[in-house]
Protein chains: 2
Amino acid sequence: MDDVIWMRPEQGTRGPKPAFSRDDLAHTAVRIADAEGIDALSMRRIAAGLGAGTASLYRYVRGKDEIFELMIDAVAAETNDFTPGGDWRADLTALACLYRETALRHRWFAALAAGRQTHGPHSLAALELSLSVFDGLGLSADEMLVCLGTVFAFVRGQVLAELAEADAAHRTGLSHDEWMAQQGEYGPAIIASGRYPRFTRVIVEAEQPHAADRLERAFAVGLDRVLTGIATSIPGGNRAALPEENPCCASKSCEAASPSGPPNC
Amino acid sequence: MDDVIWMRPEQGTRGPKPAFSRDDLAHTAVRIADAEGIDALSMRRIAAGLGAGTASLYRYVRGKDEIFELMIDAVAAETNDFTPGGDWRADLTALACLYRETALRHRWFAALAAGRQTHGPHSLAALELSLSVFDGLGLSADEMLVCLGTVFAFVRGQVLAELAEADAAHRTGLSHDEWMAQQGEYGPAIIASGRYPRFTRVIVEAEQPHAADRLERAFAVGLDRVLTGIATSIPGGNRAALPEENPCCASKSCEAASPSGPPNC
DNA sequence: GCAAACCCCGAACGCCATTCGCAATAATCG
DNA sequence: CGATTATTGCGAATGGCGTTCGGGGTTTGC
């Protein structure tokens, strides 16, 4: 009954009023994790940021896991700043970009959220919003879940890959020189070994990696293809599949997603 | 130079031979993590499993991160038990299923591997194997990377979602009764709130969740759609897109992936 | 045969999440 | 209006963690 934090009342009826709210905990935790990394987020650190004693946190939360739950739900709120326009494909594209931008803003979010199911109010609202994209298409509940699941599996997986690539500090992508610079003497050793000819060819020939926006482009292209595959199973959703990718189409939809934000997707 | 473990020699030329190999560390660590969970994996625990002193581990490894690196590469070896048959789509399907099965066998693997780039020998071999699927298709290096990246982003994302769903111990899927049973009084509270009509409808109407193989099916269907979208951009890869999904097609390919293993995909 | 290089590891350090118990506070009840 | 009771804040303590230090033993190359 009360092992779900969202079911417990924020404060009792008796006794002194709590000094903070759950939102206070969530937002300071998010701030710290954003600034110092998720590994630097300790109960002591949160309490310090809040100006409270460490043990006091356990009046608000059963343990660190519930802190994570609060953080995830707080950030989930940022993925809800969007109203669907009626074109499921454009709407899904926009939602995916919005999710990606949010996850890149809070670099700990994707890994944390991918590992658990969250049922906080903002997370539920996000799910509700996502489902609303399919309004009027006549899809069954199962079908909607599969479609959404496929798109967001791709989005989360791709974002995690982006973060992993960037997390390697000075380490970079797969372009020849950047990768060489990172690996020091390991890159040449791999190539010299002759054991990985295709990998070597990719390292040597890759050109896209030099482009500054290559991560965005890869995301847009991949997303577009995933959606093309999904369109296959949506009545009336079959569009002419373009033989060559056109990332600009995704960019357009993405621009619509964050009308006021910078066009960095 | 030597901040990549794969570049450091396993033992020096002088002094006593080390009592263990890196593989010993990797395999005991994997065994412990499989059996007791990744959180139970401590340096002390590994040393105990190895019959060594805790501090001795630091003769083999710079820190716990490198233990993770060894574990990931050890498990990556399990994704290499496959030889492509020449049909890129069937081969990618098989590779995806093989990856999924491996990740489900080692429930810590996906989350760990998704967060970092690994360049151990088995991981490189896995990449090389994956790239070989595109042999003879005339794709550019960039194009191959985007295709592979899209497929594996989906695979990793989907597997993480499956694990998250199962990780919630007794917590289950999205079927009405199972979900209600998990949430205790939270589920009814959500529905009763009336704030999430689409979510409520999905909870109530979902039927697939009752099927025992629903996770496999969702994976197969999603993967098939992703591949359909990718086929769009591969010369000669455009097949007639089926208006309705046919998960059995993916299952067939998957069976081919592990000819000797149990047909549990 | 001997010095340099290497291995093993007990002990210690500082940080962590979590628990316990007590003093302070505020709503409720008699 | 007390007295009761539920609740809050938190100092102190517990046990576990990753990692470092330093010393004693072992093997190799010269």
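User: Why are H7(A) and H7(B) called roughly perpendicular to each other?

Analyst: Their packing angle is about 105°. Angles of 65 to 115 degrees count as roughly perpendicular (under 35 is roughly parallel, over 145 roughly antiparallel, and the rest oblique), so H7(A) and H7(B) land in the roughly perpendicular class. The angle runs from 0 to 180 degrees between N-to-C directions, with axes as lines fitted to C-alpha atoms over the stretch in contact. The axes of H7(A) and H7(B) are 7 Å apart. One caveat: this is a predicted model, where local features need pLDDT of at least 70 and side-chain atom pairs count only at pLDDT 80 or more, while totals for chains, interfaces and linings use all residues. Residues are numbered from 1 along each chain as its sequence is written, with chains lettered from A and ligands numbered from 1 in the order written.

User: Which residues make the contact of H7(A) with H7(B)?

Analyst: Contact is counted when C-beta atoms, placed from the backbone, lie within 7 Å. Among the residues on H7(A) are A:Gly149, A:Phe152, A:Arg156 and A:Leu160, and H7(B) brings, among others, B:Gly149, B:Phe152, B:Arg156 and B:Leu160. By class there are ten nonpolar, eight polar and two charged residues. Here Ala, Val, Leu, Ile, Met, Phe, Trp, Tyr, Cys and Pro count as nonpolar, Asp, Glu, Lys and Arg as charged, and the others, Gly among them, as polar.

User: What makes H11(A) roughly perpendicular to H7(B)?

Analyst: Helix H11 (residues 214-231) of chain A crosses helix H7 (residues 141-167) of chain B at roughly 65°, and the axes come within 10 Å. That angle is what makes H11(A) roughly perpendicular to H7(B). In total, six nonpolar, three polar and one charged residue take part.

User: Why do H10(A) and H6(B) count as roughly perpendicular?

Analyst: H10(A) packs on helix H6 (residues 121-132) of chain B at about 85°, axes 8 Å apart, and this pair is therefore roughly perpendicular. A:Arg198, A:Phe199 and A:Val202 meet B:Leu124, B:Leu127, B:Glu128, B:Leu131 and B:Ser132 here.

User: How many residues does each chain put into the contact, and which helix of chain A gives the largest share?

Analyst: Chain A puts in 66 residues and chain B 65. H7(A) leads on the chain A side, with 18 residues. That side splits into 35 nonpolar, 17 polar and 14 charged residues.

User: Where does UniProt place the "DNA-binding region" on chain A?

Analyst: The unreviewed entry puts it at residues 42-61, though such annotations may be inferred rather than shown by experiment. In the model that span is 40% helix and 0% strand, with its end C-alpha atoms 14 Å apart.

Conventions:
Helices (H or I, at least four residues) and strands (E, at least two) are DSSP runs, numbered from the N terminus. Two residues are in contact if their C-beta atoms, placed from the backbone, lie within 7 Å.
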